[in-house]
Amino acid sequence: MLFEDRANAAVTGLLDRLDQAGVPSDRQFPPHVTFAMASDIPAKTRAALRADLRVLSVPHLWLYTLSAFSSTENVLVLGAVVDTELLAVHSAVHDVLAGKVRNPSSYYLPGSWVPHCTLAHGMTETETAAGFQALFPVEPVEARVKQVAILDTVSREVDVLV
């Protein structure tokens with residue numbers, strides 16, 4: 001889910017603050033919230049997803065929880081408020097994708113998903129602490145969804161679905 005200009009500018013401002021603090025921000029793609037991840041989403045599945053998304057009401061997102069995921073690479077995120085509308089859209093996306101994509105990421109499956117906008121990843125513990133210091137406290141960001149797209153992390157292509 002890609003954001004409209006105002007939310008995009010607010011998140012970009014946070015990324016700029018990270019860069020100024022010496023924490024490498026994540027600018028691989030425009031600010032977004034990922035609903036699913038897989039190594040391959042075939043064209044036929046993309047078409048089915050496009051059709052389903054056209055009839056769904058995609059809710060606004062409220063991003064306000066500064067948090068970190070600690071895994072093989074530390075990740076600094078701005079968490080989204082979870083509500084029934086958001087979970088319904090997430091579930092609908094996964095209903096379309098179920099059994100039709102290659103190597104789905106378990107982090108994004110229903111029941112495991114933590115909706116967030118990634119601010120930085122691959123940080124050391126010192127960079128993670130510096131990132132928190134540079135951003136806290138975070139003003140809430142109302143993120144209106146401008147586009148729903150598939151972001152290809154290999155080719156860097158953005159396939160806009162709606």
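Modeller: One term before the helix pairs: a crossing is left-handed if the near helix is turned anticlockwise from the far one by less than a right angle, and right-handed if clockwise. Also, this is a predicted model.

Colleague: Fine. Which way does H2 pass H3, left-handed or right-handed?

Modeller: The crossing of H2 with H3 is right-handed. H2 covers residues 43-55 and H3 covers residues 84-97; their axes come within 9 Å and cross at roughly 150°.

Colleague: What does that angle make them?

Modeller: Angles over 145 degrees count as roughly antiparallel. H2 is therefore roughly antiparallel to H3.

Colleague: Which residues meet there?

Modeller: On the H2 side they are Thr45, Ala48, Leu49, Asp52 and Leu53, and they meet Ala92, Val93, Val96 and Leu97 of H3. Sorted by class, that contact has seven nonpolar residues, one polar and one charged.

Colleague: Stay with Leu49. Is it buried or exposed?

Modeller: Leu49, which lies in H2, is buried, with a relative accessible area of 6%.

Colleague: What is Leu49 in contact with, leaving aside neighbours within four places in sequence?

Modeller: With Val93, Val96, Leu97 and Leu161. Separately, the C-alpha atoms of Leu49 and His94 are separated by 9.2 Å, and these two are 45 residues apart along the chain.

Colleague: Next helix. Which residues of H4 are buried?

Modeller: H4 runs over residues 125-135, and Thr128, Gly131 and Leu135 are buried in it. Looking down the axis of H4, the buried residues fall within an arc of 60°, so they line one face of the helix.

Colleague: Which exposed residues are on the face of H4 turned away from the buried side?

Modeller: That face carries Glu125, Thr126 and Gln133, which are exposed.

Colleague: And what covers the buried residues of H4?

Modeller: The cover includes helix H1 (5-20) and the strands S2 (61-69), S3 (74-80) and S4 (116-123).

Colleague: How do H1 and H4 pack, at what angle?

Modeller: They pack at about 125°, with their axes 9 Å apart. H1 and H4 are therefore oblique to each other. The crossing of H1 and H4 is right-handed.

Colleague: Which residues meet in that pair?

Modeller: Leu14, Arg17 and Leu18 of H1 meet Gly131, Ala134 and Leu135 of H4. By class, the contact of H1 with H4 has four nonpolar residues, one polar and one charged. Gly131 and Leu135, then, are in this contact and are also among the buried residues of H4.

Colleague: Now the loops. Where is Trp113, and is it buried or exposed?

Modeller: Trp113 is in the loop between H3 and S4. At 10% relative accessibility, Trp113 counts as buried.

Colleague: What is Trp113 in contact with, beyond its neighbours in sequence?

Modeller: Val33, Thr34, Phe35, Leu86, Leu87, His90, Tyr107 and Tyr108, leaving aside neighbours within four places in sequence. The C-alpha atoms of Trp113 and Thr34 are separated by 9.4 Å, with the two residues 79 apart along the chain.

Colleague: And Asp40, what does it touch?

Modeller: Asp40 touches Val101 and Arg102, not counting residues up to four places away in sequence. It is found in the loop between H1 and H2 and counts as partly exposed at 27% relative accessibility. The C-alpha atoms of Asp40 and Val101 are separated by 5.7 Å, and the two are 61 residues apart along the chain.

Colleague: Which residues are joined by a cis peptide bond here?

Modeller: Phe136 and Pro137, with omega about -5°. Pro137 is in the loop between H4 and strand S5 (141-143).

Colleague: What about phi of Asn103?

Modeller: It is near 55°, a positive value in a residue other than glycine. Asn103 is in the loop between H3 and S4, and at 54% relative accessibility it counts as exposed.

Colleague: And what is phi of Arg156?

Modeller: About 70°, positive although Arg156 is not a glycine. Arg156 lies in the loop between strand S7 (149-151) and strand S8 (158-160). At 46% relative accessibility, Arg156 counts as partly exposed.

Note on methods. Residues numbered from 1 in each chain as written. Predicted model: local features only at pLDDT ≥ 70, side-chain atom pairs only at ≥ 80, totals over all residues. Heavy atoms only, no water. Buried < 20%, exposed > 50% of the residue type's maximum accessible area, 1.4 Å probe, protein only. Helix = DSSP H or I, 4+ residues; strand = E, 2+ residues; numbered from the N terminus. Arc of directions from axis to C-beta. Contact = heavy atoms within 4.5 Å. Axes fitted to C-alpha atoms, helices over the stretch in contact; angles between N-to-C directions. Parallel < 35°, antiparallel > 145°, perpendicular 65-115°, else oblique. Nonpolar A, V, L, I, M, F, W, Y, C, P; charged D, E, K, R; others polar.
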